[in-house]
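Please open the model in a viewer and keep the sequence panel at hand.

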Amino acid sequence: MVRVTVDELEKATPSSALVPERLPDRGEQYRFHFDMTKCIGCRSCEIACNEQNGNPAVIQWRRVGEIEGGVYPDTQRHYLSMGCNHCLDPDCLRGCPVNAYTKDPFTGIVLHSAEACIGCQYCVWNCPYSVPQFNPERGVVGKCDMCHGRLSDGFEPACVNACPEGAIAIEIINTAAWRADYTAAESPGMPAAGQTISTTRITLPESTAPLERVDSDRIRPEHPHFALVFMTVLMQAIVGSLIALLAFRSINAKALTFLLLATCIALNISVFHLGRPVYAWRALKMWRRSWLSREVLLFGMFFAALTCTTAFSWINMRGLISVPRIMFDTSAWMAGVIGIAGIVASAFIYLVPARPAWNMTHTPIDFLLSAGVLGSITAPLLTQRFPVRLAVCAATLWIANHAARLLRLHHAQLFERRATASLLNTPLLRTLLAASFIFVALAAVFASVGQIVLASVAAFIGILLSRYLFFVSVVPLNMALTFVRGGGH
């Protein structure tokens with residue numbers, strides 16, 4: 001991340017009218033101005049940005065999209081060129097668990113530190129414009145920083161310099177005035193500016209015909225994030241099993257040891273989601289504001305409490321010393337409560353407006369009911385007692401929650417939610433969706449007749465399939481892209 005001082009900025013002499021002739025004062029910041037009436041869609045800005053930042057072709061910090069309107073023969077097509085909007089309330093900054101984002105106090109530019117980044121991609125999910133992009137070769141996220149280094153030397157950003165029509169420029173705004181009225185940031189083909197208060201000013205063409213994105217039908221599955229699929233399901237099964245064992249007073253040293261080992265496996269699986277897993281410990285840093293940090297903290301505390309409970313159980317069983325029952329029960333229930341809190345924190349990671357299909361009450365309900373299904377069906381593998389009614393009830397509620405979610409997605413007014421329903425209706429995903437319902441229903445049937453092993457296998461398969469679909473079927477908010485390609489998205 002490049003940082004400049006006020007003295008360095010004052011030495012800079014702007015080289016073009018496309019860059020302000022002065023520096024931002026207190027209460028001001030830089031912003032992009034994009035003039036849609038001038039853009040010809042040549043993509044010079046995309047190429048210049050990639051060359052400036054050394055990015056591969058599939059990663060584009062500045063992207064060009066298309067919008068169109070009218071009725072033949074009176075039709076119109078216009079282009080959108082967007083980098084980072086350097087928002088007043090950036091969601092990428094608010095959600096980052098390692099504080100890799102900062103808003104420069106002198107320029108207002110949202111900066112990202114590749115050194116601090118662990119590649120968790122939470123910022124990618126949070127940004128409604130999909131501005132941050134993960135680079136698997138580097139293991140970190142990257143984004144437009146308005147060519148901060150070039151600005152400090154008095155040069156315009158690469159995209160501004162490369163545009164042959166002068167469609168992109170840098171301006172200075174009063175942040176308080178812009179916060180009061182940011183309607184100039186709104187544009188067809190762009191998410192609503194109010195979520196993060198985008199500062200990019202867009203000059204729209206004079207047109208009576210409504211304009212819409214040309215890539216509306218070009219939706220495709222997202223990354224499956226297999227590490228998160230397995231980690232979330234395993235942790236929910238572990239916590240659910242512990243609660244079931246405690247509720248039916250069937251807990252023992254061997255069962256606790258099994259759950260402790262499973263927790264070690266689940267937590268180690270989770271780091272494979274990171275681009276830089278060696279720095280996973282940094283995710284604890286921002287627990288005061290980041291749900292991802294809270295999840296890491298709570299599951300770490302769960303592991304510690306479960307370790308103490310397991311140790312107490314073995315000490316009592318071996319008769320080494322007598323651990324008071326109240327101490328054992330307190331430790332065990334503390335682990336259970338912390339585990340539930342961890343599941344809730346895990347669910348809140350996905351309650352982000354930029355992912356509308358995730359941002360529903362069905363998500364935390366799903367995570368908790370998954371723990372109930374897996375716990376009530378898996379716990380009997382570790383003990384003799386088998387809560388049949390609980391397992392059947394949990395499976396029934398799980399199916400009802402997912403059915404209600406599908407119905408809401410199908411009838412939603414928001415395009416991205418309807419698009420998720422459309423994705424789930426494609427042949428492969430529709431088959432997997434049906435299989436997830438069938439397996440969970442079979443788990444309830446097997447549980448009711450005492451087939452513990454079959455019930456557990458069916459429950460895990462059904463919920464793993466559902467969690468896979470949860471990740472691949474989400475359609476994010478995004479700017480309009482092109483019909484034939486979309487900047488690697």
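Begin by selecting Phe 471, which is buried, with a relative accessible area of 1%; buried denotes under 20% relative accessible area, exposed over 50%, and partly exposed the range in between, with a 1.4 Å probe and protein chains only. The structure is a predicted model, in which local features need pLDDT of at least 70 and side-chain atom pairs count only at pLDDT 80 or more, while totals for chains, interfaces and linings use all residues. Residues are numbered from 1 along each chain as its sequence is written, and side-chain values use heavy atoms, with hydrogens and water left out.

Phe 470 and Phe 471 form an edge-to-face aromatic pair, 5.4 Å centre to centre with 85° between the planes. Rings of Phe, Tyr and Trp (for Trp, the six-membered ring) pair if their centres lie within 6.5 Å; planes under 30 degrees apart count as stacked, over 60 as edge-to-face and the rest as tilted. At 5% relative accessibility, Phe 470 also counts as buried.

Now select Tyr 350, which is buried at a relative accessible area of 2%. How are the rings of Tyr 350 and Phe 470 arranged? Their centres are 5.4 Å apart and their planes stand at 85°, so this pair is edge-to-face. The pair links distant parts of the chain, 120 residues apart: Tyr 350 is in the loop between helix H11 (325–349) and helix H12 (362–378), and Phe 470 is in helix H16 (residues 452–472). Helices (H or I, at least four residues) and strands (E, at least two) are DSSP runs, numbered from the N terminus.

The structure holds 15 aromatic pairs.

Arg 467 lies over the face of Phe 367, at 4.3 Å from the ring centre. Another such place is Arg 62, over the face of Phe 32 at 4.7 Å from the ring centre.

**The nonpolar cores**

Select Tyr 101, Trp 125, Leu 242, Phe 302, Tyr 350 and Phe 471. Of the 67 residues in the largest nonpolar core, these touch the most other members. A nonpolar core is a set of buried Ala, Val, Leu, Ile, Met, Phe, Trp, Tyr and Cys residues joined through side-chain atoms within 4.5 Å. Helix H8 (residues 226–247) gives the largest share of this core, 10 residues. Apart from this core lies another, of 43 residues, including Val 19, Cys 84, Ile 109 and Cys 159.

Centre the view on Phe 302. Leaving aside residues up to four places away in sequence, Phe 302 touches Met 235, Ile 238, Val 239, Leu 242, Thr 263, Ala 335, Ile 338 and Gly 339; contact means heavy atoms within 4.5 Å.

**Helix H13**

Move to helix H13 (residues 388–410), which has 23 residues. The helix reaches 33 Å from its first C-alpha to its last, close to the 33 Å expected at 1.5 Å a residue; the expected span is 1.5 Å times one less than the number of residues. Among the buried residues of H13 are Trp 398, Asn 401, His 402 and Arg 405. What covers the buried residues includes H12, helix H14 (415–423), helix H15 (427–448) and H16.

Most residues other than glycine have a negative phi, and most peptide bonds are trans. Select Tyr 72 and Pro 73: a cis peptide bond joins them, with omega about 10°. Pro 73 is in the loop between strand E2 (63–71) and strand E3 (74–82).

Arg 43, in the loop between strand E1 (28–35) and helix H2 (44–53), has a positive phi near 70°. Arg 43 is buried, with a relative accessible area of 16%. Cys 147 has a positive phi of about 45° and lies in the loop between strand E7 (140–142) and helix H5 (148–152). Cys 147 is buried as well, at 13%.

**The cysteines**

Finally, display the cysteine sulfur atoms. With a disulfide taken as a pair of cysteine sulfur atoms within 2.5 Å, the count comes to 0 disulfides. For Cys 127, the nearest cysteine sulfur is that of Cys 92, 6.1 Å away. For Cys 144, the nearest is that of Cys 84, at 5.4 Å.

How values were computed
A charge sits over a ring if NZ of Lys or CZ of Arg is within 6 Å of the ring centre and within 35 degrees of the ring normal.
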